[in-house]
Amino acid sequence: VGVLADRVERHAALVAVLLVQAVAVGALALLALIGTPGIWQIALACFLGGFGWATDNPVRRMMLGDLLGAARMGTATSLDVMANNASRILGPALGGTLLAAFGPGQAFAACVLLYLLAIWLALRVRHRMHPAKSRRGPVIAEMVEGFRAALRLPALRGVLVVTVVFNLFAWPF
């Protein structure tokens, strides 16, 4: 997704991803309010949500670099990761409280409102990040080249190993 994120206007991509996620959660809210969503509907919403997160991270991180530059990227990424982890702690507690107090329809509806807030905030970002023009090869070829470069460079290979181990064993806390 990072290769694709480098080829699109990131502001529009972020808004589009948020819209897809809002629609998916909105559909679950509606289904929960009028009945019980089916397993396939929940699975589809989860797939769209996972796609959104997989797309959101590289797009948002590239936007941080575009907006702040390399000198402030470390601080910006640290704040982004801190906010992400804080939301992973507070979000389930708030979601569980809403679910217990009001039911799934209202809990999903609250989620839709939060997505709408995120979309409104994203639309307020005035700076437009233009896609890279230097890369015009096939996406798959560029991805393969990225993996080859990662395997050739010992420091990058080490970072990737730590990332994979962390993502497999620590991230799903």
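Of the 173 residues in the protein chain, 25% are buried (under 20% relative accessible area with a 1.4 Å probe, protein chains only; exposed is over 50% and partly exposed in between). This is a predicted model, in which local features need pLDDT of at least 70 and side-chain atom pairs pLDDT 80 or more, while totals for chains, interfaces and linings use all residues. Residues are numbered from 1 along each chain as its sequence is written, and side-chain values use heavy atoms, without hydrogens and water.

**Fold**
- The protein chain has seven helices and zero strands (DSSP runs numbered from the N terminus: H or I of at least four residues for helices, E of at least two for strands).
- The C-alpha atoms fill a box of roughly 55 × 35 × 30 Å along the principal axes.
- Among contacts (heavy atoms within 4.5 Å) with a separation of 6 or more, 77% join residues 24 or more positions apart.

**Aspartate 80**
- Aspartate 80 lies in helix α4, residues 73-102, and is buried at a relative accessible area of 15%.
- Beyond its neighbours within four places in sequence, aspartate 80 contacts Arg60, Arg61 and Leu64.

**Surface**
- The accessible surface of the protein chain is about 11,300 Å², with 75% belonging to carbon and sulfur atoms (Shrake-Rupley method, 1.4 Å probe; for residues, only the protein chains shown count as cover).
- Valine 161, in helix α7 (residues 154-169), is partly exposed because its relative accessibility is 49%.
- Val161, Val164, Val165, Leu168 and Phe169 form a nonpolar surface patch with about 520 Å² of accessible area together.
- Such a patch joins nonpolar side chains (Val, Leu, Ile, Met, Phe, Trp, Tyr) within 5 Å, and like charges are joined within 9 Å; members have over 30% relative accessible area and no salt bridge (a side-chain nitrogen of Lys or Arg within 4 Å of a carboxyl oxygen of Asp or Glu).
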